[in-house]
Amino acid sequence: QLRKEAEALLTEYRQKRIDAEQEAASIVAAAKADAEDYAAETRRKLSEYAVGLAEKQKLRFIYGLLERQFRRMFELAKRERGVTGERFLQLLETRLDSTVYLLGLAKTRAAARQFVNHGHIRVNGHKVDIASYNVQPGDEIEVKNTPASRQLATRCLEENRIRNVPGWLTMNPETFKATAVRLPTREEMTQDINEQLIVEFYSRF
């Protein structure tokens, strides 16, 4: 009788040990799976962050802006009506230095910024030397009527003849005058940028 009881206790002990080992293995497997899921999610988030950062940097370099200037324009776009990403692009594209570049009055946006900063441009008859000034529909942009300004503009217009002026602007090279007839559409702005990635990138902060 004692032997049977001992064997029964031993069997029960062995079964409990097996159950305990299986439970421990299950816990370890679950913990490992959780760790792998967490690592995968972390990699995904880091990957999304890297993609958004790269897109943001690409657009910032296109317009040649410091991060502080770039972020300020994004925050302004967020507060305005419409699709944030598209409005952001419009604010960048309608900067006076960018507009001067698009009109063919400078080879690059950096050169256009200097052209504006040096007082060569007038908007609606007034000198505007602030590159970040946003051109509005109806604004008339004109090269200052001095020999130095007009010679500079003439040379640039000749060098940039192959560049097409976008449809939201009209340009008369003979009078050195241009008009913003409306805001640019998404199709008229840079096509190799996914602005939604930038919106999502900044939404993390």
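Is R60 buried or exposed? I looked it up: R60 is buried, with a relative accessible area of 12%. (Buried means under 20% relative accessible area, exposed over 50%, partly exposed in between, with a 1.4 Å probe and protein chains only.)

Ground rules next. I am working on a predicted model, where local features need pLDDT of at least 70, side-chain atom pairs count only at pLDDT 80 or more, and totals for chains, interfaces and linings use all residues. Residues are numbered from 1 along each chain as its sequence is written, and side-chain values use heavy atoms, with hydrogens and water left out.

**Entry: helix α1**

I placed R60 in helix α1. Helices are DSSP runs (H or I, at least four residues), strands likewise (E, at least two), numbered from the N terminus. Not counting residues up to four places away in sequence, R60 touches L65, L66, E67 and F70. Contact means heavy atoms within 4.5 Å.

G52 also sits in α1, which spans residues 2–63. G52 is buried, at 2% relative accessible area. I left aside its neighbours within four places in sequence and found G52 in contact with L197 and F201. I also checked G52 against Q136: they are 84 residues apart in sequence and 29 Å apart in space, C-alpha to C-alpha.

Two packed helices are described by the angle between their axes and the distance between the axes. Axes here are lines fitted to C-alpha atoms, for helices over the stretch in contact, and angles run from 0 to 180 degrees between N-to-C directions.

Helix α2 (residues 67–79) packs on helix α3 (residues 84–93) at about 130 degrees, with the axes 8 Å apart. That angle makes α2 oblique to α3. The cut-offs: under 35 degrees is roughly parallel, over 145 roughly antiparallel, 65 to 115 roughly perpendicular, and the rest oblique.

From α2, the contact uses F70, M73, F74, L76, A77 and K78; from α3, it uses T84, R87, F88, L91 and L92. I sorted this contact by class: eight nonpolar, one polar and two charged residues. (Ala, Val, Leu, Ile, Met, Phe, Trp, Tyr, Cys and Pro count as nonpolar, Asp, Glu, Lys and Arg as charged, and the others, Gly among them, as polar.)

**Entry: α3 against α7**

Helix α7 (residues 195–202) packs on α3 at about 105 degrees, again with axes 8 Å apart. The two helices, α3 and α7, are therefore roughly perpendicular to each other. T84, G85, E86, F88 and L89 of α3 meet E195, I198 and V199 of α7. By class I get four nonpolar, two polar and two charged residues.

**Entry: helix α5**

Which residues are buried in helix α5 (residues 109–117)? I found R109, A112, R113, F115 and V116. They cover an arc of only 160 degrees around the axis, so they lie on the same side of α5. The arc is that of the directions from the helix axis to the C-beta atoms. Just after α5, G119 has a positive phi of about 80 degrees.

Most residues other than glycine have a negative phi. I noted N124, not a glycine, with a positive phi of about 55 degrees. N124 lies in the loop between β1 (121–123) and β2 (126–127). N124 is partly exposed, at 38% relative accessible area.

I also noted F176, with a positive phi near 60 degrees. F176 lies in the loop between β4 (169–172) and β5 (177–180). F176 is buried, at 11%.
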